[in-house]
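Hi everyone, thanks for coming. I'd like to walk you through one structure today, starting with the whole chain and then stopping at a few residues. Have a look at it first.

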Amino acid sequence: MKQTIMQSTTKTNHHAEQASLPKQTFVAILSQTIKTGIIKSNLIPMFAGLTLALYTYDMSLFDNIPEIILAFIGSFLVIGAAGAFNNLYDRDIDAIMERTKSRPTVTGEVKPTFVLVLASSMAILGIGALALTTPLAALLGFLGLFFYVVPYTMWTKRRTIYNTEVGSISGAMPPLIGWAAIYPDVTHPAIIGLFVVTVIWQMPHFYAIAIRKHDEYKAANVPMLPVVKGFERTYIQTNIYLAILVVISFLFGTLSIGLMLVALLLSVAWFVLSITGYRKMDKEKWAKSMFIFSLIHMTVLFSTIIIYSLIGIFFNI
């Protein structure tokens, strides 16, 4: 009875907050619905995979301009479709969490039917654009979308502490898509290394977010690892993944010792930060430092790969 009253109060407060929210432009509503911030952050690893393929197989950047444009368009649409499907399905829990309660799908500024049509159209057009590069790129685009919407959003996100691991598969697809758009074979150790690094990176990154947003996830009944198992278990599991990240860095050595060293130094630094920070900081500061370094790690790694590949392409190094 008490829980019912609390839920009713929460809903009443939420409706009152919705009424007080300022009206947004259609562009702003659309941007939040398809999560353009996530799209932008995923286009960088896609481009890293693409340029790495061009460099690895000594291919011309200018001869592959059509494939590059289609890879960007296709990736944009597929990632946007995944975000829209996620927003559509998660309206109930998004309404509870502070950082998501103002999304247009929650406030009613956009209708569910419109979001469904938008997401479906973007998915079809995006996979079609990727298919014009290579069939493998289209398949990987579809798999990334499918894993994000079905196994992650609809199945594991609300049921298991391993939701992050399941979601990491789709989150690591962009480098594969970029590579496959140029060269339809993703068995090279370099792209396998980039894929695995992107998979493993997501666990420490999202664990840090889950610690910082612990109360919100708990209120929404989302079984993130820190919510269900606590901080100590999260710390141990974070370090296991960071140790794996250190080992995986050596896969880049098959292509470039320089890239391997950058990946290795970044991973070791993150591992050291985790251990030393745990001894000196409270869990909130530790999580914040881990989150910030996760962004530094990926930004530096992908930027290095892109710059290294482009230099190699233009100067035939």
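This is a predicted model: local features need pLDDT of at least 70, side-chain atom pairs count only at pLDDT 80 or more; totals for chains, interfaces and linings use all residues.

Residues are numbered from 1 along each chain as its sequence is written, and side-chain values use heavy atoms, with hydrogens and water left out.

Okay, the overall picture. The C-alpha atoms fill a box of roughly 70 × 50 × 30 Å along the principal axes. You'll find 16 helices and zero strands in the chain; these are DSSP runs numbered from the N terminus, with helices being H or I of at least four residues and strands being E of at least two.

How much of the chain is buried? Of the 317 residues, 50% count as buried. Buried means under 20% relative accessible area, exposed means over 50%, and partly exposed is in between, using a 1.4 Å probe and protein chains only. As for contacts (heavy atoms within 4.5 Å), take those between residues at least 6 apart in sequence: 76% of them join residues at least 24 apart.

Now let's zoom in on histidine 297. You'll find histidine 297 in helix α16, which covers residues 283-315. Histidine 297 has a relative accessible area of 0%, so it counts as buried. Who are its neighbours? Beyond the residues within four places in sequence, histidine 297 is in contact with Val197, Trp201, Leu245, Leu266, Ser267 and Trp270. With serine 267 there is also a polar contact of 3.4 Å between the two side chains. A polar contact is a pair of N or O atoms within 3.5 Å; within protein, one must be able to donate a hydrogen and the other to accept it, and residues adjacent in sequence count only if both atoms are side-chain atoms.

Next stop, helix α9, residues 163-171, where asparagine 163 sits. Asparagine 163 is buried, because its relative accessible area is 0%. Leaving out residues up to four places away in sequence, asparagine 163 touches Tyr152, Thr156, Lys157, Val222, Pro223 and Met224. Serine 168 is in helix α9 too, and with a relative accessible area of 1% serine 168 is buried. Serine 168 touches Val199, Gln202 and Met203, again not counting residues up to four places away in sequence.

Most residues other than glycine have a negative phi. Lysine 35, though not a glycine, has a positive phi of about 60 degrees, and aspartate 58, also not a glycine, has a positive phi of about 55 degrees. Where are they? Lysine 35 is in the loop between α2 (26-34) and α3 (36-56), and aspartate 58 is in the loop between α3 and α4 (65-89). Are they buried or exposed? Lysine 35 counts as buried because its relative accessibility is 10%, whereas aspartate 58 counts as exposed at 64%.
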